[in-house]
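Have the model open while you read.

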Amino acid sequence: MTQVLPHDCWRRVGASAALALISLSLGSPILAADEKAEARPLYNLQEAPESIRDLLAIQEALQRSLPRTRKATVGIDMGGGSGSGVIVSKEGMVLTAAHVSGGVGKKLTVIMEDGTKHKATSLGLVAETDAAMLKIDEKGSYPYVEIDKEERALMGDWVFALGHSGGFNKERGVGVRIGRIVRWADQTIQTDCNLIGGDSGGPLFDLKGRLIGIHSRVGASLEQNMHVPIRVFLRHWEKMEASEFIGEGPFAEKPVAFLGVGTEDREEGGVEVKVVGKETAAEEAGVKVGDAILEIDGNEVENKEKFSAGIKGLKPGTKVKLKILRDDEEIEIEVELGEK
Amino acid sequence: MKRSKSKLSWARSRLVVCGFALICAPLVQGQQLEARLRLSGSTTREAFEPLRGILQQCSAVVYDGWKSISFGVVITSDGYLVTKASEIEDAKELNVRVDKTHFKNVRVIATTVEWDVALLKVEARDLVTVEWDTDGEPDHGSWVVANGSTSRTRRRVRVGIISANAREVGGGKAPVVLGITLDTNKKAGTLSISGVEEDSGAADAGLEEGDLILSADEQEIGKIEDLQEILAGKEPGDHVKLRVKRDDEEMEFEVELRTREKIFEEERSRNDAMSGRYSKRRSNFKRILQHDVALSERSAGGPLLNLDGKCVGMNIARVNRCETFAIPAGEMPKIIEDLMPKTNDP
């Protein structure tokens, strides 16, 4: 089993992440500090704790929040990989990272801290910011956490991270780590709560146990732990709930349509089918080795590069008509494209 | 082989550092929390000053020559200390500092591979010892404090919290090994060797693939568990008398036991690659506390304090980027008792 937390993503995220971080410095929530000051606990008003008593106040707040938040924190088994998530409604709505859910309509298993497993299906995701939603299939009454809808958390606030580091482990249980918000951006929260593979998709809380972010990725330094702010979820909530795949990469890739044939160019034009993949759309529709594909949806097939690029440009589930030359006879076959 | 592998991983981590530098560069100063205010920043650490004072007196810094290789726990005023055994075993010029006092003469009295703890002795009279916590194991979310970086005269703290359930780790595997892998697929009662590890006691003794194991230390061996029972409680350097059958001939071998992590090379996982410097021995402990204090492989071995200044455990392994293990205080009296010279010894 591999745990997901894409280190490697950094290289791919590159430019887009840099842009996101610049733009965020404009809309910093620090400006709102004054009007929220009254409701804020002392440990978040102080520059830093000054005494053992201050530290005890942090410890007590954290320990009060732990039982509830641990119960709602789940492991997510994607089959061949594992991540974390958090339940945010009684009905079993789970927030996680897009690189954990991996797409829309995927079948997953959600594991509670006590080891109970539930089947779940992924709903929508935001591919640029690593936000995703899934729903436990079975109706029930699940433990859940409150979301910080007012976005009260500010830079410097004390926070804690929960997650199934390195995959679910019943003896160990959910792992908790403490830290502070080190940087706050529109699309990213950075903390010094140390994360590792398997934590991806897990929850970041303020000390009152309100959900403020979802773990996304890490850098090489221990202080580079990145979370998706809850506002990204709130902004896209309805679309995600409606199972929309929002935006393009780098945290999730749109499924690519797949026909399931290997072809070679024909001198006379079109492509000749050399291989038909097992259990593919092509096999199901009756495409055979030796067939010459001349047209797709009425458009002439020029060569194999253009042919496969054309297929990849379509959505899985699209029906295409292929004009095929078989045994000197032109036939037409309709294929419903599969998914790669 | 081991070396080249880890170099590769370091190169990979550096790549990630570069990626980060690029991304962080355009950030406006002031948008980040100053380093001094972060979890283990200098201002935050000031709140822990009373605990730093305790670490200053009752933790030890263990050096090999000039290089600090581990921390230790002062357990008696006359100079008995415990530290992490596997980090000091190759030391050539062992020396120790407690508070500001330098001890050049350090004796390794005893070690236990089961817990990876070594008992050291320095000539001292008035050392301040840790006060073991006897209130049971600390709960999730409790602050814990450990030795961070150190100068010759001043200890510093690193801080964190208890992170997970106290538990056994490593599934009860014996910490010492013969250096063989066994084929258990054959019919019951025929345990045969399917592999002999390089540089192991088994290889040196002359065991070969295909040898059928009959007995160990005169006890009949029918299944792997029988063998594990024999290995439990043994130390590296101990020998096991292995009787095997090879081509219808019975043969006997004296096999020297060696530590597991030296013989069976662990594969470096992706999580390891993002974890910096972790302990060589980081698994196979009967019971551990898990916390998130960011230690390195060289800063284990010292005390783990709670906010009352009591010692809740002894740091025994940096595991990865977010996990450090400590032996719970409740286990320590027995471990220390077993290591201490017996009073009726001559």
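Let's start with the lining of the largest cavity, which is made up of Ser215(B), Asp217(B), Glu218(B), Lys241(B), Leu242(B), Arg243(B) and Glu252(B). Keep in mind that this is a predicted model. Sorted by type, the lining residues come out as 5 charged, 1 polar and 1 nonpolar. The top contributor is strand E15 of chain B (residues 239-246), which supplies 3 residues. As for volume, the largest cavity holds about 30 Å³, and searching the whole structure turns up 1 cavity of 30 Å³ or more.

Now for the backbone. Over in chain A, Gly249(A) and Pro250(A) are linked by a cis peptide bond, with omega at about 0 degrees. Pro250(A) sits in the loop between strand E15 (245-246) and strand E16 (257-258) of chain A.

| Residue | Phi | Relative accessibility |
|---|---|---|
| Asp248(B) | near 65 degrees | 72% |
| Asn284(B) | about 60 degrees | 12% |

Where do you find Asp248(B)? Look in the loop between E15 and strand E16 (249-256) of chain B. Asn284(B) belongs to the loop between helix H8 (270-273) and strand E18 (285-291) of chain B.

Is Asn284(B) buried or exposed? Asn284(B) counts as buried because its relative accessibility, 12%, falls under the 20% cut-off. Asp248(B), at 72%, is over 50% and so counts as exposed.

Definitions and conventions:
Residues are numbered from 1 along each chain as its sequence is written. Chains are lettered from A and ligands numbered from 1 in the order in which they are written. This is a predicted model: local features need pLDDT of at least 70, side-chain atom pairs count only at pLDDT 80 or more; totals for chains, interfaces and linings use all residues. Side-chain values use heavy atoms; hydrogens and water are left out. On a 1 Å grid over the protein atoms alone, a cavity is a set of points where a 1.4 Å probe fits but cannot get out, and a pocket is an open set with protein on both sides within 12 Å along at least five of seven lines; lining residues have an atom within 4 Å of a point. Grid points are joined across faces, edges and corners, and a volume is the space filled by probe spheres set on the points. Helices (H or I, at least four residues) and strands (E, at least two) are DSSP runs, numbered from the N terminus. Ala, Val, Leu, Ile, Met, Phe, Trp, Tyr, Cys and Pro count as nonpolar, Asp, Glu, Lys and Arg as charged, and the others, Gly among them, as polar. Buried means under 20% relative accessible area, exposed over 50%, partly exposed in between (1.4 Å probe, protein chains only).
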